[in-house]
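Hi,

Here is the structure I promised to send over. Have a look at it first, and then read on for my notes.

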Amino acid sequence: IESAFGTGPLSDRRIVVTSGPTHEPIDPVRYIANRSSGAQGAAIARALADLGAEVVFVTGPAEVSPPAGVEVVRVDTAEQMRNAVHEALPADAGIFCAAVADWRVTNASGQKVKKSPDGLPRLEFAENPDILAEISGLGSDRPSLVVGFAAETENVLENATAKRRRKGCDWLVANDVSAGTGIMGGTENKVTLITEDGPEDWPRMGKDAVARRLADRIAMTLSGD
Ligand code: CTP
Ligand code: CA
């Protein structure tokens, strides 16, 4: 599929999309990761590009390949992702699909950690920068539309509504990723879009369909509807 960059309802719009997991090193051969495949983020980036947007796609080490027609920035860690997002600004919208690791290891080893009769290795952690909250809190550089995602396994609506407020983003796309839904790593998604007007339940559909519907909504909002 060719990019529609230059034509379409999002032509002249620059949109930053984060996607995939991040990897936080423990030593040169080990890292902490999560189960994000990057499928929903890649689908959203493609849908935005199809509507003509200039998309900067900041991606961690995802299973899914980045779509054609976007500018790809590859990162490993949360800190690298944060820096890449700041470098990509200014933008009209920021869509934060990435499953950013909440913690990084502060005592990562420069050499491979070996088994030792003296005992087990101990990892120490620091909290990673919250990219979504940081961008939501920017002044004049803040994208006019900031969209976060929340993968929850319980009390989805309650947690996600509180998360939207805490992060300061405009919209929050919430989904239930508990075992049994088949959403994490699957091809379908069932989301609730939370805006200032409250929650909106979308039916379960393919991740591509969620992406197109969200991209249409973004186009409508950025054009001032
Ligand atoms: N996010 C981010 N940077 C982080 C953590 C999260 O940009 N360091 C973004 C994610 O990309 C997502 C949103 O924040 O859009 C919500 O992520 P989530 O992990 O659900 O929220 P947390 O604040 O990390 O809360 P929790 O303790 O539930 O993981
Ligand atoms: Ca988190």
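**What turned up**

R122 sits in the loop that runs between β7 (103-105) and β8 (125-127). Please keep in mind that this is a predicted model. R122 counts as exposed because its relative accessibility is 72%, and the cut-off for exposed is over 50%. R122 and S178 are 56 residues apart along the chain, and their C-alpha atoms are separated by 29 Å.

T22 is also in a loop, the one between β1 (14-19) and β2 (24-27). Is T22 buried or exposed? With a relative accessibility of 0%, T22 counts as buried, since buried means under 20%. A polar atom of the T22 side chain lies 3.0 Å from the backbone nitrogen of A101.

**Around the ligand**

Ligand 1 is surrounded by 14 residues, and the closest are F96, A98, P129, K163 and K167. By class, this shell has eight nonpolar residues, one polar residue and five charged residues. Which elements each supply at least two residues of the shell around ligand 1? They are α3 (131-136), β9 (145-152) and α4 (156-167).

Here are some polar contacts to check on your screen:

- F96: a polar backbone atom is 2.6 Å from an oxygen atom of ligand 1.
- L132: a polar backbone atom is 2.8 Å from an oxygen atom of ligand 1.
- K163: a polar side-chain atom lies 2.6 Å from an oxygen atom of ligand 1.

Taken alone, ligand 1 exposes 570 Å², and the protein buries 76% of that.

**Backbone points to look at**

Most residues other than glycine have a negative phi, and most peptide bonds are trans. With that in mind, a few places are worth a visit. The peptide bond from L89 to P90 is cis, with omega near 5 degrees. P90 belongs to the loop between α2 (78-88) and β6 (93-96).

D12 is not a glycine, yet has a positive phi of about 75 degrees. D12 is found in the segment before β1, and it is exposed, with a relative accessible area of 75%.

N155 is not a glycine either, and its phi is positive, at about 45 degrees. N155 lies in the loop between β9 and α4. At 47% relative accessibility, N155 counts as partly exposed, because that class lies between the 20% and 50% cut-offs.

Key. Residues numbered from 1 in each chain as written. Chains lettered and ligands numbered in written order. Predicted model: local features only at pLDDT ≥ 70, side-chain atom pairs only at ≥ 80, totals over all residues. Heavy atoms only, no water. Near = heavy atom within 4 Å. Polar contact = N/O pair within 3.5 Å; in protein donor to acceptor, adjacent residues only side chain to side chain. Areas by Shrake-Rupley, 256 points an atom, 1.4 Å probe, with all protein chains shown as cover. Helix = DSSP H or I, 4+ residues; strand = E, 2+ residues; numbered from the N terminus. Nonpolar A, V, L, I, M, F, W, Y, C, P; charged D, E, K, R; others polar. Buried < 20%, exposed > 50% of the residue type's maximum accessible area, 1.4 Å probe, protein only.
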